[in-house]
Every structure is written in C-alpha cells, then in structure tokens.
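Open the model in your viewer and follow the stops below. Each one says what to select and what is there.

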Amino acid sequence: MNLYAYGVAGWLLLVGAFGVVRSANLVHAVVSLSVAQSGTYVLLLCVGYQRAAGAPVFGSTLRPSTRVTDPVVQAMTLTDIVVSATVTALLLATAVQVHKQQGTVDPNRLSALKG
Amino acid sequence: MSSRGRLALFLLGAAGVAVLFATAFLGMPAFGSEDHPYRDLAVPAAVRHATANVVSSVNFDQRGIDTFGEETIVLGSVIGVAALLRPAQRESEQRPPPDRHRLESTTLLGYVLLPVTLVVGLDVVAHGHVSPGGGFQGGVILATGFHLLYLAGSYQALARLRPVEIFDRGEALGAGLFGVLGAAGLAATGAFLANVIPTGSFGQLFSGGTVPVLNVLVGLEVSCGAVVLLTHFFTEAITLSVGGRRERGGGT
C-alpha cells in the first residue's frame with residue numbers, strides 16, 4: 001500500500017506518454033499529454049501526504065497546532081495545473097493551425113514542416 | 001519511423017523510466033509519514049501573517065514571485081493563442097450560422113446556473129485566503145459561468161455579454177497591478193511582493209495582508225484571460241470561413 005500511490009503517479013505518466021506515441025489525432029495527443037501531466041499532480045500530493053492529518057486550511061474546527069499535510073507541494077500542484085492548462089491552450093491552437101495549413105490532424109500524415 | 005518501431009522504442013524507454021521510478025520511490029521517505037520539513041516551516045509562516053489557507057499563503061505570500069511568473073505564463077499563453085489563431089488574409093469573418101435547436105431543459109438549467117456560477121466564482125476568489133480556493137480557481141469558475149450563456153442561449157448572446165476589449169483590458173490590469181503591488185512591497189521593505197498590508201486577525205475576511213488582494217487580481221486576470229482565450233477559439237470555429245476549408249475537412 002505504501003508504494004501504491006507512487007505507482008499510480010508513474011502509471012499515469014507512462015500511459016499518457018503511450019497515448020502520445022500511439023496518437024492518430026493531434027487533439028488526442030494533447031489530451032494524452034494532460035494525462036501524463038496529471039501523474040505529476042498525484043506524485044506531488046503523495047509526497048506531501050501524512051496519515052490522519054488535516055487539510056492545510058485552518059478554521060474553527062482545525063486549529064493551527066494540529067498536524068496538516070504539506071501545503072508547499074499542494075501550492076506547486078496548483079502551479080502545475082495552471083501550466084498544464086496554458087500548454088493545452090497553446091497546443092490546441094497549434095493543432096487548429098496545422099489543420100488549416102495541412103488539412104489533417106493525423107501526425108502520421110504530416111510529412112514536412114512548413115513555415 | 002514505422003508505427004511498430006516507434007512502439008518498440010517507446011516500450012524500451014518506458015521500461016527504463018519505470019525502473020528509475022521504482023528505484024526512486026523505494027528510496028523516498030515512507031508514504032504518509034511525519035517527515036515534512038517544508039510543512040514545518042510554511043505553516044508557522046502562514047500563521048504569522050494570519051492567513052488561514054496555508055496553500056494561499058505559500059502561493060501569494062511566501063512564493064509570491066513564483067506566482068507572478070505563473071500569472072505571466074497565463075498572460076503569455078493568451079497572447080500566444082491570439083497570435084496563432086489570428087485570421088489569415090484569405091479568411092473572412094462572416095455572420096455566425098443560426099443556432100441549432102436546444103433542449104428547453106438545457107436552456108433553463110443554463111440560465112439558472114449562470115448567476116449561481118458567477119456568485120460561486122466571486123465567493124471562491126474573495127475567500128481564497130480563509131477557505132479552499134483562490135484567484136486561479138475562482139477565475140476559471142467565473143469564465144465558465146460566462147460560457148453557460150453559450151450553452152443555454154446562443155453565440156450572439158454570449159458575444160453581446162462579452163465585449164472582448166473590456167476583458168482584454170481586465171486581463172492586462174490584473175497582471176499589471178500584481179506587479180505594482182510587488183513593487184510597493186519592494187519600495188516599503190526592500191523585498192518584491194513583501195506583505196505590506198496589515199494582516200488583520202486570523203480567519204477573518206480582512207486578513208492575510210496582500211494575499212486576498214493578490215487573489216482578486218489573479219481572479220481578474222485568469223477570468224478575463226480565459227474568456228479572451230475561448231473567444232479566439234470561438235471566432236476560429238464559428239465566425240471564420242476559409243475558402244475550401246470545409247470541403248477539405250476530414251483527416252481526423
């Protein structure tokens with residue numbers, strides 16, 4: 001059980017990369033990349049997890065003296081998600097342009113780079 | 001490279017990565033253990049500045065300059081999409097096609113959820129320092145709320161509600177004022193984005209010093225940025241026509 005969560009993170013990264021390799025559609029490749037990136041979210045949250053600890057948001061029920069999970073990696077996960085969203089937007093815009101220029105979004109049918 | 005060769009190369013690489021992962025994971029501190037040195041430093045720092053949501057404190061106070069960079073990435077990606085999707089010379093803008101039929105239940109649900117979503121978005125932005133949430137999350141909720149109008153009503157309704165020039169300026173304002181507040185910290189204490197506003201009392205709406213202000217600015221920037229971003233995709237898909245593009249199509 002101790003390695004299970006880390007295993008999920010590694011599995012997501014590899015299965016996302018597999019999707020990119022096997023992709024026959026640029027939109028599918030972009031989504032596969034998002035799957036691979038979500039492996040890093042799981043990894044970061046695993047690193048910061050502590051058993052029987054609360055979320056790092058204090059309030060009337062959770063006093064600052066209680067044990068919480070690591071907020072630093074959670075903040076980095078947020079950064080990670082933002083970067084993933086921006087990368088997805090740019091790649092999808094590129095896919096639109098590729099379709100416009102080449103008439104296809106199948107990476108196997110894109111033969112040469114054109115300016 | 002053939003499909004089979006590419007797969008073989010991938011499997012070889014994936015096996016290597018898997019071995020490296022397994023080695024690294026076995027050498028890491030046990031899952032769920034007590035050992036979190038960064039947590040032990042970040043929590044007292046957040047409590048000192050009366051920020052109940054420690055994640056917000058890390059993002060907007062302790063690592064504020066990183067978040068400034070992160071916000072700039074959002075701005076950069078919106079500009080990048082605008083540049084990539086700018087209309088080419090052979091494209092002409094045309095009136096959007098008449099709307100397809102929508103289920104009445106979809107319309108009703110959309111119009112009911114539109115104000116609810118906007119209020120939830122504002123709430124998530126405004127309470128980002130005392131409860132889970134913040135500018136990035138709330139900004140995305142706000143942008144989603146605007147686009148319910150497209151799902152429930154029509155593209156024309158969305159276009160009327162969404163004067164892109166105003167959202168363009170809102171985005172620039174959010175990103176710019178973040179830098180201004182950072183410079184204020186630099187002038188007052190000698191550290192960029194230092195927490196210069198009185199921090200108030202723990203858990204209250206007015207607490208955390210600059211954290212709620214920066215949350216609002218990021219919320220403005222992200223919601224406007226997401227609206228502008230989606231506008232470019234909408235324009236590309238709905239109102240632009242290219243000679244022959246529709247016929248050529250296919251290739252999916």
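**Start with chain A**

Select chain A: of its 115 residues, 45% are buried. Keep in mind that this is a predicted model. Color chain A by pLDDT. The mean is 89, and 96% of the residues reach 70 or more.

Now switch to a cartoon view. Chain A has three helices and zero strands. Along the sequence the pattern reads α-α-α. The radius of gyration of chain A is 19 Å, well over the 13 Å that the globule rule gives for 115 residues, so the chain is more spread out than a compact globule.

Next, select helix H2, residues 26-48 of chain A. Confidence in chain A is highest here, at a mean of 94. Move on to H3(A), where confidence is lowest, at 92.

Which contacts span the sequence? In chain A, of the contacts with a separation of 6 or more, 52% join residues 24 or more positions apart.

How do the two axes run?

Show the side chains where the helices meet. On H3(A), pick out residues including Leu78(A), Val82(A), Thr86(A), Leu90(A) and Gln97(A). Across from H3(A), the H4(B) residues include Glu70(B), Ile73(B), Ser77(B), Val81(B) and Leu84(B). Color this contact by residue type: ten residues are nonpolar, six polar and one charged.

Methods: Residues numbered from 1 in each chain as written. Chains lettered and ligands numbered in written order. Predicted model: local features only at pLDDT ≥ 70, side-chain atom pairs only at ≥ 80, totals over all residues. Heavy atoms only, no water. Contact = heavy atoms within 4.5 Å. Helix = DSSP H or I, 4+ residues; strand = E, 2+ residues; numbered from the N terminus. Nonpolar A, V, L, I, M, F, W, Y, C, P; charged D, E, K, R; others polar. pLDDT = per-residue confidence, 0-100. Rg over C-alpha atoms; globule rule 2.2 N^0.38 Å. Buried < 20%, exposed > 50% of the residue type's maximum accessible area, 1.4 Å probe, protein only.
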